[in-house]
Amino acid sequence: MTPDSVEEFYRRLAKDNPNPRSELVFKNPYTLLVSVVLSAQATDVSVNKATEPLFKIVDTPQQMVNLGEDRLKDYIRSIGLYNNKAKNIIALSHILVEKYQGQVPADQKALEALPGVGRKTALVVLNVAFNRPTIAVDTHIFRVANRTGLAPGKDVRAVEKALEDVTPEKYRLHAHHWLILFGRYICKARKPECLRCFESDLCAAVKETGIPLQS
């Protein structure tokens, strides 16, 4: 896209959803971190269903340590890879207690050093919990960036860099959520809803074929 088209693309996203929010339900930076770790290869809906009862009794690292790995598994058993995720959540909770006085560090390298926390998770936590203008690229954002021509790239890091380069500063804070929600509900993987899409005239895929994708 040209810079003018990128500006217009984001302007429309902002108009459609001026104050986007994560669909994960959390109480504080720690419960957000736990939720994002659990969301790997799982839907936000499934994570929220599991964490609703969990977060009624646990909302700090020390409480999670006290709960223990086996009891944690009982709460998250419905989520994929729950054994490994439970192990990582208990381990990272120990580290937060011992090294960070029970607080989630607002530092990317520190977050990525925690068990089960990769680059994407760290960027999400920084954006949502600490209002940092980071853009974490998941499968939805990767698809949207490439399909529309907003920020094409061969891999996640390439798309992340492209989005950082083209996204105007005033849109950086909310870009992650605008793009993920757009990909989740409109620019879907198998059946993009082009006929109701307010970005279709800017979309590279539509321009290439001359017709909307399957709707």
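**Helix α8**

I looked up the buried residues of α8 and found Thr121, Ala122, Leu123, Val124, Val125, Leu126, Asn127 and Val128. Buried means under 20% relative accessible area (1.4 Å probe, protein chains only). This is a predicted model: local features need pLDDT of at least 70, side-chain atom pairs count only at pLDDT 80 or more, and totals for chains, interfaces and linings use all residues. Residues are numbered from 1 along each chain as its sequence is written, and side-chain values use heavy atoms, with hydrogens and water left out.

I checked the span of α8 next. Helix α8 covers residues 119-130, 12 residues in total. From first C-alpha to last it reaches 16 Å, close to the 16 Å expected at 1.5 Å a residue. The expected span is 1.5 Å times one less than the number of residues. Helices are DSSP runs (H or I, at least four residues), numbered from the N terminus.

I then asked what α8 packs against. Its buried residues pack against α2 (29-38), α7 (108-112), α10 (156-166) and α11 (172-185). Just after α8, I noted that Asn131 takes a positive phi of about 55°.

**Domain record**

I read in UniProt (unreviewed entry) that "domain: HhH-GPD" sits at residues 38-185. Such annotations may be inferred rather than shown by experiment. Over residues 38-185 I found 66% helix and 0% strand (strands are E runs of at least two). The end C-alpha atoms are 21 Å apart.

**Lining of the largest cavity**

I looked at the residues that line the largest cavity (an atom within 4 Å of a grid point). There are 14, and Phe182, Cys187, Cys194, Cys197 and Cys203 lie nearest its centre.

How values were computed
1 Å grid on protein atoms, 1.4 Å probe; cavity = no way out; pocket = protein on both sides within 12 Å on 5 of 7 lines; lining within 4 Å. Buried < 20%, exposed > 50% of the residue type's maximum accessible area, 1.4 Å probe, protein only. Contact = heavy atoms within 4.5 Å.
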